[in-house]
Amino acid sequence: MKDPIHQDELNRILLKPRFKLRYTDKKEDIIAQFRKDLADEKCRFPGKVVDHHIVIDVPVEEESFWSPQLHVEVEEEGGMTIVKGILGPKPKIWTFFIFLHFAVAVTFFVFFVIFYSNWSLDQDYTFSLTMCVLMPIIWILLYFVGQLGKKFGYRQMQELHSFLLEALKDKTPVNDQ
């Protein structure tokens with residue numbers, strides 16, 4: 001992960017790297033190019049195009065728990081076409097991961113209320129205080145597990161990103177990239 005996706009330093013720490021590309025070509029032409037490339041029998045990436053959203057997955061035989069998914073959104077803005085991309089885990093993995101973060105946060109607040117109540121009543125609060133300290137540690141560990149997952153799927157992220165750039169190679173980029 002030495003090179004961030006699309007050379008954006010912020011993408012080193014984000015669990016779901018993002019990028020934005022600008023083109024002078026029409027939105028419909030760019031979407032048509034993706035439809036064509038994904039329909040090509042030589043294309044190894046499964047994907048689907050729905051309106052202006054394009055979802056590209058890694059090949060089924062290479063898929064693992066940490067395999068990423070590329071979600072591309074094509075929009076027109078100010079006379080140019082903007083291609084926005086997000087590389088991240090599949091929605092079911094991301095939802096589970098967010099659920100874990102939410103569960104840790106709720107657990108922290110529950111134990112904080114118990115700690116405060118016991119402290120106010122001059123009762124033993126050791127366990128609740130321990131849990132209040134432990135929950136942020138678990139939350140930080142979850143972040144590092146996410147970064148580890150990103151590292152495991154990084155090669156596939158690069159492959160998906162390369163596929164995107166290959167699909168757009170004949171399009172005319174706006175020079176301020």
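**Exercise 1. What percentage of the 177 residues of the protein count as buried, and what does the radius of gyration say about the overall form?**

Residues are numbered from 1 along each chain as its sequence is written, and the side-chain values use heavy atoms, without hydrogens or water. The model is predicted, with local features requiring pLDDT of at least 70 and side-chain atom pairs pLDDT 80 or more, while totals for chains, interfaces and linings use all residues.

Step 1. With buried taken as under 20% relative accessible area (exposed is over 50%, partly exposed in between, for a 1.4 Å probe and protein chains only), 38% of the 177 residues count as buried.

Step 2. Helices (DSSP H or I runs of at least four residues) and strands (E runs of at least two) are numbered from the N terminus, and the protein has 4 helices and 5 strands, which follow the pattern β-α-β-β-β-β-α-α-α along the sequence.

Step 3. The radius of gyration, taken over C-alpha atoms and compared with a globule rule of 2.2 Å times the number of residues to the power 0.38, is 22 Å, well over the 16 Å that the rule gives for 177 residues, so the protein is more spread out than a compact globule. The C-alpha trace spans about 70 × 40 × 30 Å along its principal axes.

**Exercise 2. Which element supplies the largest share of the lining of the largest pocket?**

Step 1. On a 1 Å grid over the protein atoms alone, a pocket is an open set of points with protein on both sides within 12 Å along at least five of seven lines, and lining residues have an atom within 4 Å of a point.

Step 2. The lining of the largest pocket includes Lys16, Val55, Leu70, Pro89 and Trp94; β4 (68-77), β5 and α2 each give two or more residues to this lining, and β5 supplies the largest share, 4 residues.

Conventions: On a 1 Å grid over the protein atoms alone, a cavity is a set of points where a 1.4 Å probe fits but cannot get out, and a pocket is an open set with protein on both sides within 12 Å along at least five of seven lines; lining residues have an atom within 4 Å of a point.
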